[in-house]
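Hello,

Have a look at it first, and then read on for what turned up.

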Amino acid sequence: MAAMGVMGACRRDPPPPVPSTRDASIAVAIPSNSAPIEPLIYSLTQTRLVRVDQAGQVQPALVERWVASPDHRTWTLTVRAGVRTHDGTLATAEDVVARVRNALRDPMRGPGLWHVTAVDAASPHEVRIRLSEPSSLLLETLSLVEALPAGPFRETDPDTDTDADTTADTEADEPDLHAVVTSGEDAAAIRTIKIRRFETPRAAVAALLRDEVDVLYEVPTETRAPLRSDGDVHLFPHLKPYVMTLGLNHRHPILRRRDVRLAMNAAVDRDALIGQVAGGVGVPAADMLWHQHWSRPHGGDAALLRVDKVRAGQLLDEGGLRRRTTPDGAVEARFRVACLVLDAPLALRVAGRLQHAYADIGITLDLEAVALPDLVARLQRGQFDAYVSPVAGGFGMGRPYVDLGTHDHPRLTDHGYTAAAAAAERVRAATTDEMLSRAIHDLHRVLIEDPPGVSLFWEETARAVGRRVEVPADSTGDVLGTLSRWRLRDRAP
C-alpha cells in the first residue's frame with residue numbers, strides 16, 4: 001500500500017526537454033544511505049583484463065584474445081591495441097604484467113593464480129603466463145585482477161571541480177561521472193552520470209516517477225508491481241550471483257551426517273520461501289553452482305527440489321533420531337542447532353520460516369542475529385553450527401572451487417565438508433569445454449547426493465529506467481552493463 005501511495009502522490013508532468021549531446025546527463029538514484037556505490041563506479045570507470053558474462057563465459061576486454069599451449073601450462077594473452085587510460089597513456093602488456101604480479105602477492109588471490117609460476121611481457125602487446133599445472137580457472141580469476149582506469153566514464157576530480165563543495169560528505173558520496181572522449185572513437189551519448197543518494201527506497205521511487213532521476217539502482221520488491229503499471233518506467237530484472245543458504249558445520253556430531261542433511265533439504269519448500277518471504281522473486285537453488293552457467297548442470301533440479309516432509313521424517317527416524325515424549329506428555333525435539341543469522345531483513349525472514357519448517361519435523365533452530373563482520377569472522381574460524389546468509393557463488397566456478405576444493409588457501413567458511421573435493425579438483429584441472437562441462441555436472445551430482453548444507457534460492461534484483469532514457473534492445477543480464485550505449489529519447493511533441 002505504501003508503494004501505491006507513492007504512485008498516487010506523483011503528478012506526471014510532461015517530460016523535461018532533452019539536453020543537447022554536449023550536456024546530456026542522467027541521474028542514478030541509490031535507494032539508501034548505506035548501499036555501496038563502489039561496484040557501480042568501478043563498472044563504469046574501469047576496464048578489466050577480461051570479463052565473465054552471466055553465462056560464465058570469459059569475454060575479451062583489455063585482453064582481446066588468448067591461447068593455451070598443448071599442455072595448458074603456458075598461456076599467451078594479446079592486449080588490445082589503442083586502449084588509453086584516462087590520463088591518455090596507451091595500455092601495454094607491461095600494465096597487465098604489473099597487475100597480475102601484484103595479484104600474486106595477495107594472500108586472498110583467486111584460485112586461477114595459485115599455480116602461476118611466472119608472468120612476463122613477451123612483446124609490447126603479448127603477455128605470457130606459466131603454470132605449474134593446468135587450471136580452468138585462470139581466465140576467470142584474471143577478470144578479478146585490478147582493472148585499468150580506462151572505462152567509458154571517469155569520476156570527477158574534486159580538486160579540479162571549482163563548483164564542488166569538497167568538504168561536504170554528501171557530495172563526496174555522490175560523485176559525478178563524465179564520459180571519456182577518445183580521439184577517433186564515438187563518445188557515449190550520455191555525457192554525465194549524477195549519482196544521488198536517498199534516505200529511503202520510497203523517496204527514491206518517488207524521485208524516479210517525478211523524473212527527478214532516470215535510474216533506480218535497486219528496485220524494492222514491494223514497488224515492482226506499481227512500477228510495472230507505469231507505462232513510462234521499464235524494469236530490468238536479473239539474478240544476482242548470491243544464493244540464500246543455510247550453511248552447516250560438518251564438525252557438528254549430527255550435522256556431519258549425510259542422512260540428516262538430506263532430511264533438512266527435503267523439509268524445505270523453496271518455492272514457498274520465494275513467494276512468501278522474498279516477494280515472489282528469485283530462483284530455487286540446489287547448490288552454489290551458478291544457475292545460468294553455460295554448462296547447464298541444473299536441468300533436472302525441479303524434481304530434486306520437491307518438498308517432502310514425510311520423507312524427511314523417515315530419514316531421521318531410520319537414523320535413530322526419533323522424537324521422544326517426556327513423562328508429562330511433551331514431545332521433545334530430535335535435536336537442536338544453534339544458527340547464526342545475518343542481521344538483514346531478508347535473511348531474518350528466511351531464518352524465521354526455516355525455524356517453523358524444521359519444527360514440523362522435530363528439529364529446533366535457535367537463532368542468533370549477527371552483523372556481517374561478526375558473521376564473517378565466526379565462519380572463517382569455524383565457530384558456528386549453522387548460519388543463514390546469502391553466499392556469493394559467482395558466475396563461474398572459482399568461488400565454488402575455493403569453497404569445495406582440496407587446497408591450503410583461505411576459505412570464506414571453515415565448514416569441514418570434503419565430499420565434493422575430488423569433483424571440484426576435476427573442474428579445476430579441465431582443459432577443454434567438454435571436460436569442464438562433465439566435471440561441473442559431476443560436481444553438481446555430488447552436491448545433490450551429499451549436500452554440504454541447504455541452498456535455498458538465488459536472489460533477484462532489478463533496475464528501473466525512466467522515460468527519458470532509451471536502452472539498447474540487446475541488453476541482457478545487468479542492464480547497467482550497456483549504459484555507455486544508452487541514449488536520451490527525443491523530446492515528445
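**Aromatic pairs and other findings**

The structure holds four aromatic pairs; rings of Phe, Tyr and Trp (its six-membered ring) pair if their centres lie within 6.5 Å, and planes under 30 degrees apart count as stacked, over 60 as edge-to-face and the rest as tilted. One of them joins tryptophan 114 to tyrosine 401 in a tilted arrangement, at 5.9 Å centre to centre and with 50° between the planes. This pair links distant parts of the chain, 287 residues apart: tryptophan 114 lies in the loop between α3 (93-104) and β6 (116-123), and tyrosine 401 in helix α14 (residues 398-404). Helices (H or I, at least four residues) and strands (E, at least two) are DSSP runs, numbered from the N terminus.

Tryptophan 114 is buried at a relative accessible area of 13%, and tyrosine 401 is buried too, at 3%. Here buried means under 20% relative accessible area, exposed over 50%, and partly exposed in between (1.4 Å probe, protein chains only).

Before going further, the background: this is a predicted model, in which local features need pLDDT of at least 70 and side-chain atom pairs count only at pLDDT 80 or more, while totals for chains, interfaces and linings use all residues. Residues are numbered from 1 along each chain as its sequence is written, and side-chain values use heavy atoms, with hydrogens and water left out.

Ring pairs also tie Trp290, Phe395 and Trp458 into a cluster. A charge meets a ring as well: the charged end of arginine 463 sits over the ring of tyrosine 217, 4.3 Å from its centre (the criterion is NZ of Lys or CZ of Arg within 6 Å of the ring centre and within 35 degrees of the ring normal).

Arginine 428 is buried, with 8% relative accessible area. Beyond its neighbours within four places in sequence, arginine 428 is in contact (heavy atoms within 4.5 Å) with His115, Glu133, Pro134, Ser135, Ser136, Leu137 and Tyr401.

Finally, two backbone points. Aspartate 211 has a positive phi of about 65° although it is not a glycine; it sits in the loop between α6 (201-209) and β11 (215-216) and is buried at 17%. Arginine 296 also has a positive phi, near 50°, in the loop between β13 (283-284) and α10 (301-304), but arginine 296 is exposed at 67%.

Best wishes
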